[in-house]
Amino acid sequence: MNDAISPDSAALHQSLVTLDTHIDIPWPPGPSPFEDGPRKVDMLKMVRGGLSAGCFVAYVPQASRTVANEDAAYARAIAMLDHINAMGRTEAGVTARVTQTANEIEAAKRDGVRAIVPCVENGFAVGTDLSRIAQFRARGARYLTLTHNGHNALADSCNPRRDLGDREAEHGGLSPVGRAAVAELNRVGMIVDVAHTSRDTMQQAAEVSRTPIVSTHSCITALCDHPRNMADWQLDIIKAVKGVIQITAVSAFLRPHAKPEEAGVADFADHVDYAVKRIGIDHVGISSDFDGGGWIRDWRDAGDSANVTAEMVRRGYDRGALAKLWGGNFLRVMRVVEEAAG
Ligand SMILES: [Zn+2]
């Protein structure tokens, strides 16, 4: 277990805009988000853990690439976005508000309400119909993760799905449709998320996108060699395009082959430290991947979020640095993307 959280670090934590940039939801819909139940993130745990905002993702699993499967993936993503939007309500004494902009996320903090940011994970739901991206945006979605495990019509993944017939690379990065998808994401004001993509896809997305790209949930290859993590040269690209890598609480990304109980916030902070040393405090952030496989022994659910701040304070991060890590950097990217939308 963690050392006790000092009163100073607890107060600091409570005062920050704290945005977790990758949280899954159960699907088909599971326990209510207003019930302190089995979900790792619900509104009561967010309050208890001083977590002010979360990106909740409409995640669609990869399947074989038939038109019927792509249509079903799109329908699922829309249904999930509608469900995420319905989380914006008051129940059990907690108010949650759906927020679409950086300003709205900050206003929610000032108003003492939880900010819900809808997002979409896996461009498989786009198929080859780029008009679907505007439909996601119309439902508040602020980022699209280009791939999940397995190549799709847009791009290559870092984890080819041999069971679906994937070769190591199919498009050599972004497909022509994928390049057009990046342009459409720029146009509608959605962030390009390269978590889960191949390294070629990541590099090409950084070149093609008019706005900074992000990884919403990845860690550092130099500390843990995993396909989902970022090599040093990729970190350098993130810095060059003014993007951000959101270090995530997936144990096997933090320590080789670690189970959740075998990794903790100290390991998490090692990855943050490494990224900050390499590319600076302006390009690093925090995510959990809760309810999607993420948790570690002392950050088991959103209720433990203050433990992350406590560890960073012990390592000498001050208020300004923590404000950037916990949301300021991601909000900066959101604003750039909002302003570039046309
Ligand atoms: Zn993911």
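Tutor: A residue counts as buried if 20 or more other C-beta atoms lie within 10 Å of its own. The model is predicted. By that cut-off, strand β2 (residues 53-59) is mostly covered, with 7 of its 7 residues buried. In a regular strand, side chains alternate between the two faces of the sheet. On β2 both faces are covered: A53, C55, V57 and Y59 are buried on one side, and G54, F56 and A58 are buried on the other.

Strand β2 has a partner in strand β1 (residues 19-24), and the two pair in the parallel sense over 4 bridges. Within this pairing, D24 stands opposite V57 of β2.

Leaving aside neighbours within four places in sequence, L144 is in contact with V120, G123, I133, F136, L185, M190 and D193.

The axes of helix α8 (residues 232-240) and helix α10 (residues 265-279) come within 10 Å and cross at roughly 60°, and the crossing is right-handed. From α8 the contact takes D232, L235, D236, I238 and K239; from α10 it takes A275, R278 and I279. These residues divide into 4 nonpolar, no polar and 4 charged.

Notes. Residues are numbered from 1 along each chain as its sequence is written. This is a predicted model: local features need pLDDT of at least 70, side-chain atom pairs count only at pLDDT 80 or more; totals for chains, interfaces and linings use all residues. Axes are lines fitted to C-alpha atoms, for helices over the stretch in contact, and angles run from 0 to 180 degrees between N-to-C directions. A crossing is left-handed if the near helix is turned anticlockwise from the far one by less than a right angle, and right-handed if clockwise. Two residues are in contact if their C-beta atoms, placed from the backbone, lie within 7 Å. Ala, Val, Leu, Ile, Met, Phe, Trp, Tyr, Cys and Pro count as nonpolar, Asp, Glu, Lys and Arg as charged, and the others, Gly among them, as polar. A residue is buried if 20 or more other C-beta atoms lie within 10 Å of its own, exposed if 12 or fewer, and partly exposed in between; C-beta atoms are placed from the backbone. Two strands pair if DSSP finds at least two bridges between them.
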